[in-house]
Every structure is written in C-alpha cells, then in structure tokens.
Amino acid sequence: MKKIGILSFGHWTPSPQSQTRSASDALLQSIDLAVAAEELGADGAYFRVHHFARQLASPFPLLAAIGARTKRIEIGTAVIDMRYENPLYMAEDAGAADLIAGGRLQLGISRGSPEQVIDGWRYFGYAPAEGENESDMARRHAEVLLDVLRGEGFAEPNPRPMFPNPPGLLRVEPHSEGLRSRIWWGAGSNATAVWAAKLGMNLQSSTLKDDETGLPFHIQQADQIRDFREAWKAAGHEREPRVSVSRSIFALVNDRDRAFFGYGNQNEDKIGFIDEKTRAIFGRSYAAEPDVLIRQLARDEAIAEADTLLLTVPNQLGVDYNAHVIESILTHVAPALGWR
C-alpha cells in the first residue's frame, strides 16, 4: 500500500484559458479540490508555497480552512521556504491549523528554490547572520522551529502578567502534540537528505534534485532515499520515517486527456541550472494509456522506495478536471501497481 496525495502550486492568471483567474479562485478551488480528493479516496492534499508570484503563498489560512472542511485526508505543504519564515510565529500558525484539522497536518519545509525576486526574504525582514549564507539561514530557522514544536517552555514569564500563567517557563501556544513528528524536509541533494534524517524530519523529494551522479533521475532519487534511511537508522530515532516523491502522472482515458497531455514531449529527464552553481536534473512526466503507464511506473525506482506519492495537478484546468485526473490514477493505475 502507498499513500497517494495531490500537490498543487495554486497557479492563477487572468487569462481567459485559465479556470483560476484570481488569487481568490486559486484559494477557494484549492479547498474544493481537497474536499474532492478526500471523497475520491486520496490520502493527502499538499500545496506549494511561492512568494511574489501568482501562486499560493500564505499556507496556514488555507490549511486551516481545508482542515475545517475535511475529516480524514492529510493536509500539507511541499514546501514552505524557511528563508522567509519567523519560526516562532510559524509554530503558532501551524499549531492552530493542526488543532483545527485534528492532527492531520504534514508540513514540508525546505531551503527553498529560486524565487521571483532577488533575495526576496530580505523584504520579509530576514538576512543571514555573519558567516552564514541564505541556505544556512533557512536551516537555522528550521532548527528553531523543530525545537519550539517540542512544546517545552523557554520564555521567562512576566511577574505581573495580564492573565495568570502556568508555573515555569512558557512555550509558544497553541501547542499541538505530535506535530514535531510530522515535519518533512524537502531535500535537493543527498547531503541535505542525510541532514534531515539526523534531525528526525521526514523526507520530501520532488521532481528536481542536484545532478550528483549523471544517472537517470529516478535512480538518483532512489539513492537519495536510501541514504536518508541509512542516516535515520544510524541516528537511532524510535519511529519509522516517511518519504514522499512527487510526479506529474496523467492517465489518458478520454479525448480530453489526450488533447491536454497526449503530446509526448516530456517523457525524458532534463538537465539545467537552477542557479549559477547548481546543475540540476528534472524528472520526466508520465502521460500514457493506463496499461502503458503501469509498465512505466513499475520501473520508477524512487516511487518504489517511497511510502507516499504526490501527484502534481494542473490546478488551472479547474476542480472537476483535476478530480477526474485523481480518480483515473486511483481507479486505472494504482490497483495494478499494488498501491491500492
């Protein structure tokens, strides 16, 4: 069995061809899509966070709204860019959203990807400390968040508070028990996957990673997952970790599917540079008739290694069509692969 969720970037554009023409459309349709995914039997609804872009940006109001509208489905992010985050404020927001959802939050965080503006995190009031770079800053913010989510008191109480305090040092409230074990790190390299394992974070691996060996993407990603699991075991954590990978997968079951995704020009990995120093490999997309799709996916080593698969959905095509995309995978593909 494999958990199957959706991953939406929440794109919106005023173009007449888009079903999400405003930020309001993107947010409200994200809620409706999560509800539809739960009704179809999917296991999770995850959302990407990008700043200064016509995409989803502030995740916690959205996660709380979905938590109030659903009962079973996991609700998460993949990922929140920690360069932009105040970890204590984030712990409050996350705790509140998790309590509203009844403990179903699965928060993916990371160093983040190239953004729409230069050093956008500076506009949010953050800057690397002396001797740090922006990646160091992101990891420092992440470590503070993990520490705060343990729920232990650290703040000296006012001797004359407005309201009575419990005894001892105070913690950030509201605290949601168990959320610390549901934090995931979006790793772009094998080294950061190992770092995440040592800190007891689950692993999220997307369709993009550093090209470290020149091997096909799915093999490099599978090796990353194995390195993560070995580091987790060596760290001596008591629980078993979780690992997710994301893919663009479309089962072509009708003419509309074929019109949208039957062009067949994304069936190979691609190599590029995400910045001036980092050579990256971008994983292929899958779009084929179900029987062909099943054979292709059976050869994907990284999917086999992961316990969770996130399906990247084309949210601008609207809720109804994306529900069809999800249902097609759950009905025509997942059972034959032993995922259901």
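1. Let's start at Asn133, which sits in the loop between H4 and helix H5 (134–148). This is a predicted model, so please read every distance below as computed from it. Asn133 counts as partly exposed, at 41% relative accessibility. Its side chain reaches forward in the chain: the backbone nitrogen of Ser135 is at 3.0 Å, and the backbone nitrogen of Asp136 lies 2.8 Å from a polar atom of the Asn133 side chain.

2. Staying with H4, you will find Tyr123 in this helix, which covers residues 120–123. Tyr123 counts as exposed because its relative accessibility is 64%, and the cut-off for exposed is over 50%. Tyr123 also belongs to a nonpolar patch on the surface, together with Phe52, Val117 and Phe124. The four residues have about 410 Å² of accessible area together.

3. Now for the overall picture. The protein has eleven helices and 13 strands. Its radius of gyration is 20 Å, close to the 20 Å that the globule rule gives for 340 residues, so the protein is as compact as a globular protein of that length. Along the principal axes, the C-alpha trace spans about 70 × 40 × 40 Å. Of the 340 residues, 50% count as buried.

4. A word on contacts and surface. Take the contacts between residues at least 6 apart in sequence: 72% of them join residues at least 24 apart. The protein exposes about 15800 Å², and carbon and sulfur atoms supply 52% of that area.

5. Gln55 deserves a look of its own. This residue is found in the loop between strand S2 (44–47) and helix H2 (59–69). Is Gln55 buried or exposed? Gln55 is buried, since its relative accessible area is 16% and the cut-off for buried is under 20%. The Gln55 side chain makes a polar contact with the side chain of His50, at 2.7 Å. Leaving aside residues up to four places away in sequence, Gln55 touches Phe9, Gly10, His11, Trp12 and His50.

6. On to charged pairs. Side chains of opposite charge can pair when their charged atoms come close. A search of the whole structure finds 24 salt bridges. One of them joins the side chains of Arg182 and Asp98, at 2.9 Å from N to O. Arg182 lies in the loop between H5 and strand S5 (183–186), while Asp98 lies in helix H3 (residues 87–100), so this pair ties together parts that are 84 residues apart in sequence. Both partners are buried: Arg182 has 12% relative accessibility, and Asp98 has a relative accessible area of 0%.

7. In the first, the side chains of Glu212 and Lys209 meet at 3.0 Å, N to O. Glu212 counts as partly exposed at 40% relative accessibility, whereas Lys209 is buried, with a relative accessible area of 2%. In the second, the side chains of Arg279 and Asp211 meet at 2.7 Å, N to O. Arg279 is in strand S11 (residues 279–282) and Asp211 is in the loop between strand S7 (208–210) and helix H7 (217–235), so the pair ties together parts that are 68 residues apart in sequence. Arg279 is partly exposed, with a relative accessible area of 41%, but Asp211 counts as buried at 14% relative accessibility.

8. Some charged side chains go beyond a simple pair. Which residues are linked in a network of salt bridges? They are Lys3, Glu74, Arg242 and Asp307.

9. Last, have a look at helix H6, residues 190–198. The buried residues of this helix are Asn190, Thr192, Ala193, Trp195, Ala196 and Ala197. What covers them includes H5, S5, strand S6 (202–205), S7 and H7. Just after H6, Gly200 takes a positive phi of about 80°.

Note on methods: Residues numbered from 1 in each chain as written. Heavy atoms only, no water. Patch = residues over 30% accessible without salt bridge, like charges linked within 9 Å, V, L, I, M, F, W, Y side chains within 5 Å. Areas by Shrake-Rupley, 256 points an atom, 1.4 Å probe, with all protein chains shown as cover. Helix = DSSP H or I, 4+ residues; strand = E, 2+ residues; numbered from the N terminus. Buried < 20%, exposed > 50% of the residue type's maximum accessible area, 1.4 Å probe, protein only. Rg over C-alpha atoms; globule rule 2.2 N^0.38 Å. Contact = heavy atoms within 4.5 Å. Polar contact = N/O pair within 3.5 Å; in protein donor to acceptor, adjacent residues only side chain to side chain.
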